[in-house]
Amino acid sequence: MPFSKLGLSPKALEGVRASGYTDPTPIQLRAIPIVMSGQDLIGSAQTGTGKTAAFALPMISRLAQHGALRGLVLEPTRELAAQVETAFRDYARFTNLRTVVLYGGTGYGRQDQALRQGVDVIVATPGRLLDQMQRGLVRLHQIGILVLDEADRMLDMGFLPDVRRIVERCPRARQTMLFSATIPPEIEQLCKWAMRDPETVEIGQRRSPAETVTHALYPVATDQKQELLEELLRRTDYDQVLIFCRTKHGADRVARKLHHEGHAVAVLHSNRTQHERELALNGFRNGRYEVMVATDIAARGLDVEQISHVINFDVPHHPEDYVHRIGRTGRAQSVGDAFTIMTAEDLQEVAAIERFISQKIPRVKLEGFAYKYTRLVEEHPPPIFGGGRSRGRRSFGYGRRGRR
Ligand code: AMP
């Protein structure tokens, strides 16, 4: 079914066309008619499924034109808020709707100015929104459409009390949408409290990682992790690669060494100032950096189109984080690879991930790499150069480096 049959306004459809989308993704197909009808919606869909457009396009259609503040989208992180607001503005470019993004860690100047001029939609992190409410610049009494995006991550980050305070300030007669990759009991409760007779749209299995991603595990001794990472980068034909570390210090260390090796590297974690984070993200988006090293929270929900590879320098502690991390690649049905470097200490966590995604991840040995320790590799006879290949290219072109 084409976008034009989903009940969207002509202006929203123009926005879709200008974004270059030809067909709706499954969540858009199912969610848009529900949102257009005014019903509440629980969307449980993995990242990269096109969920932003699934709520933004019907919002734009229903709000139609500039008036009062009527739409509110809550996001767990500043990066996500900025990204969703950019997408929103893009889809709304043929309307006169005004949007603003509010997040902390940055000055009030531009945000205040936009709020004073009048906006129709706010995309915000909970803290700064409450702050602006206290300062008297935001009143939620006319909010007709409320979106709680990445609700499970807002829960993880301890934002639920703030979210509740915000919801309480919105009118009862409103439409509420909630998106979450997983629905733990706390989120279920929030749904019962904040929503009225919601329709649930579940795309794919909640736990499954993006199906278009090719996974591989690279067992190695702890003191050879960096060496193996560098070798992987050397042999991989990537466009842009996102590397995950468990800690901020770890991310800094890995980035420093890669920089030393001559890679154009950006770092994204919460110890960086907002300005540094923006520079890193913009630089990565526009291709100035081909490698970005990040921690989980910083990279949550990041949408960078060309990410061809995700490399887990550290195995994530929580299996959900594995799914979220690799959701960065293989976005909206394109193809990507996800490599995970593992050591003997990670065996239990790897087993938990494999249980969580109901899938065995192949162990891969890098041929020609001077392994100090091979028991892990040998115990699970690996395919040499495992996995299928994306976009008709080879994963491991010997001697080829980085970008073509
Ligand atoms: P999201 O899950 O909202 O973060 O979207 C993931 C990516 O899919 C973004 O880069 C969108 O621009 C892209 N996208 C969303 N909807 C479509 C569509 N119908 N066709 C192609 N790409 C899309």
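Me: A crossing is right-handed if the near helix is turned clockwise from the far one by less than a right angle, and left-handed if anticlockwise. Which hand is it where α10 passes α11?
Reply: Right-handed. Bear in mind that this is a predicted model, where local features need pLDDT of at least 70, side-chain atom pairs need 80 or more, and totals for chains, interfaces and linings use all residues. Numbering starts from 1 along each chain as its sequence is written, and side-chain values use heavy atoms, without hydrogens or water.

Me: Fine. At what angle do α10 and α11 pack?
Reply: About 50 degrees (0 to 180 scale, N-to-C directions, axes fitted to C-alpha atoms, for helices over the stretch in contact). Their axes lie 11 Å apart, and α11 covers residues 248-260.

Me: Which residues of α10 meet α11?
Reply: Q226, L229, E230 and L233 in α10. Across from them, α11 brings V254, K257 and L258 into contact (heavy atoms within 4.5 Å).

Me: Switching to the sheet: what is the strand order?
Reply: β8-β13-β12-β9-β11-β10, six strands in an open sheet with parallel pairing (at least two DSSP bridges). The edges are β8 (213-219) and β10 (265-268), each pairing on one side only. From one strand to the next, the twist averages 20 degrees.

Me: And how many bridges join β8 and β13?
Reply: 7, in the parallel sense, with β13 spanning residues 336-342. H215 stands opposite A338 in β13, while L217 has T340 of β13 as its bridge partner.

Me: What packs on that sheet?
Reply: Helix α10 (residues 225-235), for one, which touches β8, β9 (240-244), β12 (307-312) and β13. The direction of α10 makes about 160 degrees with that of β13. Helix α14 (residues 319-326) packs on the sheet too, touching β8, β9, β12 and β13. The direction of α14 makes about 155 degrees with that of β12.

Note on methods: Helices (H or I, at least four residues) and strands (E, at least two) are DSSP runs, numbered from the N terminus.
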